[in-house]
Protein chains: 2
Amino acid sequence: MNGNLTIALDAMGGDNAPEIVIKGAAIARVRYPDAKFLLFGDHARLRPLLDRNAKLAAVSTIHHTDQYVAADEKPSIALRKGRESSMQLAINAVRDGDAQCIISAGNTGALMAMSKVTLRMLPGIDRPAICALCPTRIGESAMLDLGANIECDANNLLQFGVLGAAYARTLLGIERPTVGLLNVGEEDIKGGDVVKQAAALLRDPTLPLEFRGFVEGNDIGAGSVNVFVIDGFAGNLMLKSIEGTVQLYSEYLRQAFRSSWSSRIAGFLARSAFKRLKARIDPRRYNGATFLGLNGIVVKSHGSADGFGFANAIGVGVDMVKNGLNDIVTREMASYAERHGEQDKALAN
Amino acid sequence: MNGNLTIALDAMGGDNAPEIVIKGAAIARVRYPDAKFLLFGDHARLRPLLDRNAKLAAVSTIHHTDQYVAADEKPSIALRKGRESSMQLAINAVRDGDAQCIISAGNTGALMAMSKVTLRMLPGIDRPAICALCPTRIGESAMLDLGANIECDANNLLQFGVLGAAYARTLLGIERPTVGLLNVGEEDIKGGDVVKQAAALLRDPTLPLEFRGFVEGNDIGAGSVNVFVIDGFAGNLMLKSIEGTVQLYSEYLRQAFRSSWSSRIAGFLARSAFKRLKARIDPRRYNGATFLGLNGIVVKSHGSADGFGFANAIGVGVDMVKNGLNDIVTREMASYAERHGEQDKALAN
């Protein structure tokens, strides 16, 4: 697609909204010169911020509302009482075709609930999955579900595989992504019934992906496959364990370089090395988790993101729009249903 | 207990057995001068190794067998065909009271299966859990189950809480350990039915622990509680994700310090800082996962452990023996059953 890229932003979502949203939009405007922005939020707070950036103001429209979803609001309450909230109105813009994607740094549960109800699912997909990129030894891999579904059946995991592969194909540029199912061992006998059934479904050679069977937790850092599939309970716990480990290691590293004068001097001399390291593990680079499987593109920024991080979350949405990710998934699921419909007919005859 | 500490060693288990087993025993002999060792394995290979260490030989007995469990053997096959294996004979020594604990670096699944069948469970405990210490920002915490049980019910998780608390009390010296249940969020409404029911059971104030409710994946690195409780599926995936992340971070760090001449020089100057860092994240320090809940003390060393790592696994077993861990758990579960029996009676009247 070209020319007509409009991005809906929940300007009031996140710890430091609306400032970081406007900063992020300003960075994204430079990266995507053809983009237009719909800003949903408090006009009185947004106008002064926009007035300081004439170029951003020229491609932005403010849609005023004085309501927003609080960070600790229960999703069910947000759904019922938040009809005029900045989050809901921004999602509506995607539903109504006024924008091609929506980005919010607000309440994750509320964003998921509102998006599901407002946009509904893509044909052939039963449930949305939270998907994000994570750094590996050899590049980046996609991982899903990171917390949308506490319990998953084999069909959910199959669909996550197809969604994740389409995501890796379009965002990482890998023609036939490798997919692994996370489990407690690589042997076929490992794990419970659900992962075994999901593995059987994913082994279908007509799927647009290369299934590599079971993989283990340490395969994520090694980047053994392009797409890691897991239920949302274990996936969320793993993601946060990984984040916690990076923080712990960074703390140990700081302490080691503060433990003596000679190591302090070495640390000073090594500041360019530390800068390079910091850039590689910078969580802002990986900001922007998408809700895959919805009939509309929704990206969740970390609540504590700064402008740079929020701009990267916008970038994830733009990549998905430009590559027509949802059209690809729709086509693939239709083709899968057709093949399996024919198989079922053949079996019945 | 004092004086009579006998340790059964599966001398043939592990990638580098029997050499690392003998090296580990030699280190443990110095640490625990009152210990005796029963070595199960091939006499022709063990004798020459012992002959090089007269002090270890003086407190060791070789029990010859030429059979051992292969690393890739299925547990069910090992159980059936491994009756004369070094692993099974070493476990038998604990069952028969000839040793107080058994340490093996061999096949985890086989060790678990043989231990369950041979030793059976402690009264009041339905299933064993794999438990290990992990480093945190403020010290060490225990985490279980790390992979013994793919699916757990609320009672299993309650029992893991009691087992983990007893472990933390005796091995970390914490009178009333704090226990957290890993979940996808801290709020009471988060998670599936099993974790919610387990939380309700763990809230019982008469339990010998302080339940802190739900905790998240990043709480492990932060050390928010002394004991992290989780089912074996997510627990195993988290543990291995953490290991993979440490490897990835170490690789990034090496690359950053190799990226230019100035950073290489800084790295050279910082070698004492790196040494300190390496010692803190050294997986050998945390070697030795215990199978809690069995009526006998079983410690699993990493298969690729060296002598230092294997000695630490022996140390975990010795600590559990010296502190009478299993007696404590038995007493606590009996007391729990009695209280709840009385409550049930009170409710019935």
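Modeller: Start with how the chains are related. This is a predicted model.

Biologist: How do you know which surface the copies meet through?

Modeller: Compare the interface residues. Of those in chain B, 100% are also interface residues in chain A, so the copies meet through the same surface. The contact takes 52 residues from chain B and 52 residues from chain A. On the side of chain B that touches chain A, α10(B) gives the most, with 20 residues. That side divides into 25 nonpolar, 18 polar and 9 charged residues.

Biologist: Why does the radius of gyration of chain A agree with a compact globule?

Modeller: Set the value against the rule. With 349 residues, a compact globule would have a radius of gyration near 20 Å. Chain A has 21 Å, which agrees.

Biologist: What makes a residue in chain A count as buried, and what percentage of the chain is buried?

Modeller: A residue is buried if 20 or more other C-beta atoms lie within 10 Å of its own. Buried residues make up 52% of the 349 residues in chain A.

Biologist: Which residues have the most contacts inside the largest nonpolar core?

Modeller: They are Leu9(A), Cys131(A), Leu9(B) and Cys131(B), in a core of 231 residues. Leaving aside neighbours within four places in sequence, Cys131(B) is in contact with residues including Leu144(B), Tyr167(B) and Leu292(B).

Terms used:
Residues numbered from 1 in each chain as written. Chains lettered and ligands numbered in written order. Predicted model: local features only at pLDDT ≥ 70, side-chain atom pairs only at ≥ 80, totals over all residues. Contact = placed C-beta atoms within 7 Å. Helix = DSSP H or I, 4+ residues; strand = E, 2+ residues; numbered from the N terminus. Nonpolar A, V, L, I, M, F, W, Y, C, P; charged D, E, K, R; others polar. Core = buried A, V, L, I, M, F, W, Y, C linked by C-beta atoms within 7 Å. Buried ≥ 20, exposed ≤ 12 C-beta atoms within 10 Å, placed from the backbone. Rg over C-alpha atoms; globule rule 2.2 N^0.38 Å.
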